Amino acid sequence: MRVYAAGFVGYNMQEVLFFYREEAASYRRRKYRFRINECRIRFGGFLRLGILKGNLRYVLKPLAVGLVPMPILRGYRVWKFGSGYKKVSIAAVYLQDPAKKGEQI
């Protein structure tokens, strides 16, 4: 979020570059205190970007997901992504300054 707050613009690539899998044990390692910390970071980032108004649900989402029982969350992710694999595309970040248009970091 700091990169975008500094004036950079990001773009998603259309091709999937790699897949990774999360096992059931990785869900158990996610403690609620880490979710609280993520909410704090999101709140500060959204505030700096000026997009907090109307997007508070995205700030509070980690807390809400933390209340869902792990077997239900795991089943949802298997249903959504299929067999636990996630598709990951890399975002390219560019300067927004028109004088340096197209300069990649």
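**Note on the predicted model: helices, contacts and surface**

1. Tyr32 is partly exposed, at a relative accessible area of 34%. Here buried stands for under 20% relative accessible area, exposed for over 50%, and partly exposed for what lies in between (1.4 Å probe, protein chains only). The structure is a predicted model, in which local features need pLDDT of at least 70 and side-chain atom pairs count only at pLDDT 80 or more, while totals for chains, interfaces and linings use all residues. Residues are numbered from 1 along each chain as its sequence is written, and side-chain values use heavy atoms, with hydrogens and water left out.

2. Tyr32 belongs to helix H3. Helices (H or I, at least four residues) and strands (E, at least two) are DSSP runs, numbered from the N terminus. Which residues does Tyr32 touch, leaving aside its neighbours within four places in sequence? They are Leu63, Gly66 and Leu67, where a contact requires heavy atoms within 4.5 Å.

3. With neighbours within four places in sequence set aside, Gly66 is in contact with Tyr32 and Arg35. Gly66 counts as partly exposed, at 22% relative accessibility. Between the C-alpha atoms of Gly66 and Lys31 there are 8.3 Å, for two residues 35 apart along the chain.

4. The overall plan can now be set out. The protein holds five helices and four strands, and from the N terminus on these elements follow the order α-β-β-α-α-α-α-β-β. Contacts with a separation of 6 or more come to 71% from residues 24 or more positions apart. Of the 105 residues, 17% count as buried. The accessible surface amounts to about 8,200 Å², and carbon and sulfur atoms hold 59% of that area. Accessible areas follow the Shrake-Rupley method with a 1.4 Å probe; for residues, only the protein chains shown count as cover.

5. Helix H3 covers residues 32-49, that is, 18 residues. From its first C-alpha to its last, H3 reaches 26 Å, close to the 26 Å expected at 1.5 Å a residue; the expected span is 1.5 Å times one less than the number of residues. Which residues of H3 are buried? Arg35, Cys39, Gly44, Gly45 and Phe46 are. The buried residues of H3 pack against helix H4 (56-66) and helix H5 (70-81). Just after H3 comes Gly50, with a positive phi of about 80 degrees.

6. Side chains of opposite charge can pair when their charged atoms come close. Glu38 and Arg42 form a salt bridge, with their closest N and O atoms 2.9 Å apart. The rule asks for a side-chain nitrogen of Lys or Arg within 4 Å of a carboxyl oxygen of Asp or Glu, and the count comes to one salt bridge. Both Glu38 and Arg42 lie in helix H3, four residues apart, about one turn of the helix. Glu38 is partly exposed at 32% relative accessibility, and Arg42 is partly exposed with a relative accessible area of 23%.

7. Helix H5 has twelve residues, which should span 16 Å at 1.5 Å a residue; the end C-alpha atoms of H5 are 16 Å apart, in agreement. Gly82 follows H5 with a positive phi, near 80 degrees.

8. How many aromatic pairs are counted? The count comes to one aromatic pair. Tyr76 and Trp79 form this tilted pair, at 5.8 Å centre to centre and 40 degrees between the planes. Rings of Phe, Tyr and Trp (its six-membered ring) pair if their centres lie within 6.5 Å; planes under 30 degrees apart are stacked, over 60 edge-to-face, and the rest tilted. Tyr76 and Trp79 both lie in helix H5, three residues apart, about one turn of the helix. Tyr76 is partly exposed at 41% relative accessible area, whereas Trp79 is exposed at 67%.

9. A final point concerns the surface. Met13, Leu17, Phe18 and Tyr20 make a nonpolar surface patch of about 340 Å². Patches consist of residues with over 30% relative accessible area and no salt bridge: like charges are joined within 9 Å, and nonpolar side chains (Val, Leu, Ile, Met, Phe, Trp, Tyr) within 5 Å. Leu17 sits in the loop between strand E1 (8-12) and strand E2 (18-21). Leu17 is partly exposed, with a relative accessible area of 41%.
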